[in-house]
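Please keep the sequence and the model in view while reading.

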Amino acid sequence: MKICFVLPHFHLEYTGGAETQCYYLARELSSRNWEVHYIRESGKSQSEVMDGIVVHPIPKRKSYLKWMNFLALRKQMKNIQADYWYTRANISYLFWMNLFARNTGGKVIWAFSRDSQLTPGGELERHGSPFIQAFHRINEWLFFRTLPKIDLILSQTKDQENLLKGNLGLSGQQIYNAHPVPHEESDMARKNTVLWIGRMQDFKHPERFIALADSMQDQNIEFGMIGGLGNDPLSRQVQAAAEKNSRMKLHGRVSPEVVHQKLNEVKFLVNTSDYEGFSNTFIEAWQRGVPVVSFYVDPDQMITQKNLGIVSNNPEEIKAWITDLITQPDKWETISQRCKAFAKANFEIGAAVDTLETVLKTTL
C-alpha cells in the first residue's frame, strides 16, 4: 500500500509535535513494507529519501499564503498516486488535498493535534493586518467546509472525540499518540530538577514556569527550560528571568536526542499551556519515568486518574507536591515506575500502527 503525508514541515528538519508523530508513523509503516511518501514545504527542488521515506518539496509559504501552493501540491499528488493522503494539525492543505484526491484517487485522512482546531476562530492568528487576518478566516472557512467531506478523521483523545461530535456533529477514530520504545538510559543519579519543554508562544505560558521557579529559589531545586529563543517579548522575558534566578538554566532549542537525555536526568516535567492535544513531551517523560506537573492540560484525565503526576493551577499546591516527592525518594520512585509501565502499555508506536492499519482496512 502507498501512503503520503502532507505537512508544512518534516520532522528531521523541524521538530514540532505534529511532525514528530507523522515521522514516527511514516517510519514504522515503511518498516512494514508500505511505500511511504511525504510532501512538505522546502527550499529544495528535488525529492529525496530519508529513513525510508520519500520526501517531496513544495515551495515555502507564509501561513496566510499556503493556498498559493495548490498547483505544486496537485503536481506532487498526481505523480505519487497514493492510496491514502494523511495530514495532521495544520488546516491549510486539507481543502486542496480533498479536491485533488477526486482525480488522483486515494482516501483523505485528517488527524488533529490541538483541541482549539475544532472551535471556529480557535486557530486564527491574532496579529497582522486585516488583510492577512482575512486570508486566515477564508482558510478556516474552507477547512470547516471540507472536514465533513473527507474519508477519515483521527483524534488523539476521548475529549477530542467529544469536541468533534459536539461542535461539528462528526465522528472519528481515536488513536493515541505513540513513540518508539526508548533505548537510551542514564547512568547518572537523577537531579532535583524541574524541566519545561516547549515553544515560546503565548498559549504555552512560560511565564508561569518562571513564577514557579522564582517562588522556589530558597529550595535546593534546579529549573531548566528547553525551547528556542528569539528577540520577541516573550523570549526576552524568559532570558531576563534566567539572569535574575541562579537556579534557572536555559538550554535553548536542542535535538530530540538531547531532550530525551535531559528527561533521563530530571525528576519532573512541567506543562504550563492553556491547551494542548496530547503533548508528545508527556509521553516522552512517562516513558523515562518522569511524572508530569500540568497547570491545566490532562488528556482524558490520565494524569489524575492514573496518578502520573499532578494537575493544578494553584502554585502553592504544586510547590508542596514537588517538595513532598523530593523529600521522599521512595514515593517519587513509585510514581516513576507507574509512569513507565503506563507508557509502555499505551503509547508504543508499533501498537499504534497496528491500530491504524486496522482502522484503514475496516473503516475505509
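This is a predicted model: local features need pLDDT of at least 70, side-chain atom pairs count only at pLDDT 80 or more; totals for chains, interfaces and linings use all residues.

A residue is called exposed when its relative accessible area is over 50%, and buried when that area is under 20%.

- Strand β1 runs parallel to β5, and three bridges join them; F5 stands opposite Y86 in β5.
- Strand β5 (residues 84–88) also pairs with β6 (residues 107–111), in the parallel sense and over five bridges.
- Within this second pairing, T87 is found opposite W110 in β6.
- Strand β5 is mostly covered, as five of its five residues are buried.
- Both faces of β5 are covered: Y84, Y86 and R88 are buried on one side, and W85 and T87 are buried on the other.

- Strands pair through backbone hydrogen bonds, in either a parallel or an antiparallel manner.
- Strand β13 (residues 292–294) pairs with β14 in the parallel sense over three bridges, and V292 has G309 of β14 as its bridge partner.

**Helix α7**

- Helix α7 (residues 233–244) comprises twelve residues and reaches 17 Å from its first C-alpha to its last, close to the 16 Å expected at 1.5 Å a residue.
- Its buried residues are L234, S235, V238, A241 and A242.
- These residues cover an arc of only 125° around the axis, which puts them on the same side of α7.
- An α-helix has 3.6 residues a turn, so residues three or four places apart point the same way.
- The other side of α7 carries the exposed residues P233, E243 and K244.
- The packing partners of the buried residues of α7 are α6 (206–215), β10 (222–226) and β11.

**Helix α12**

- Helix α12 (residues 329–346) has 18 residues, and its first and last C-alpha atoms are 26 Å apart, close to the 26 Å expected at 1.5 Å a residue.
- The residues of α12 that are buried are W332, I335, S336, C339, F342 and A343.
- Their arc around the axis is only 130°, which puts them on the same side of α12.
- Turned away from this buried side is a face with the exposed residues D330, K344 and A345.
- The buried residues of α12 pack against β12 (268–271), α9 (280–287), α10 (302–306) and α11 (315–327).

**The pair of helices α3 and α4**

- Two packed helices are described by the angle between their axes and by the distance between those axes.
- Helix α3 (residues 94–104) packs with helix α4 (residues 130–146) at an angle of about 45°, and their axes are 8 Å apart.
- The two helices α3 and α4 are therefore oblique to each other.
- Residues L94, F95 and N98 of α3 make the contact with L142, F143 and T146 of α4.

**Residue K267**

- K267 is located in the loop between α8 (256–263) and β12.
- Is K267 buried or exposed? K267 is buried, because its relative accessible area is 11%, and the cut-off for a buried residue is under 20%.
- Leaving out residues up to four places away in sequence, K267 touches R190, K191, N192, T193, V290, P291 and W332.
- W332, one of these contacts of K267, is also one of the buried residues of α12.
- Between K267 and T355 there are 88 residues in sequence and 32 Å in space, C-alpha to C-alpha.

Note on methods
Residues are numbered from 1 along each chain as its sequence is written. Side-chain values use heavy atoms; hydrogens and water are left out. Helices (H or I, at least four residues) and strands (E, at least two) are DSSP runs, numbered from the N terminus. The expected span of a helix is 1.5 Å times one less than its number of residues. Buried means under 20% relative accessible area, exposed over 50%, partly exposed in between (1.4 Å probe, protein chains only). The arc is that of the directions from the helix axis to the C-beta atoms. Contact means heavy atoms within 4.5 Å. Two strands pair if DSSP finds at least two bridges between them. Axes are lines fitted to C-alpha atoms, for helices over the stretch in contact, and angles run from 0 to 180 degrees between N-to-C directions. Angles under 35 degrees count as roughly parallel, over 145 as roughly antiparallel, 65 to 115 as roughly perpendicular and the rest as oblique.
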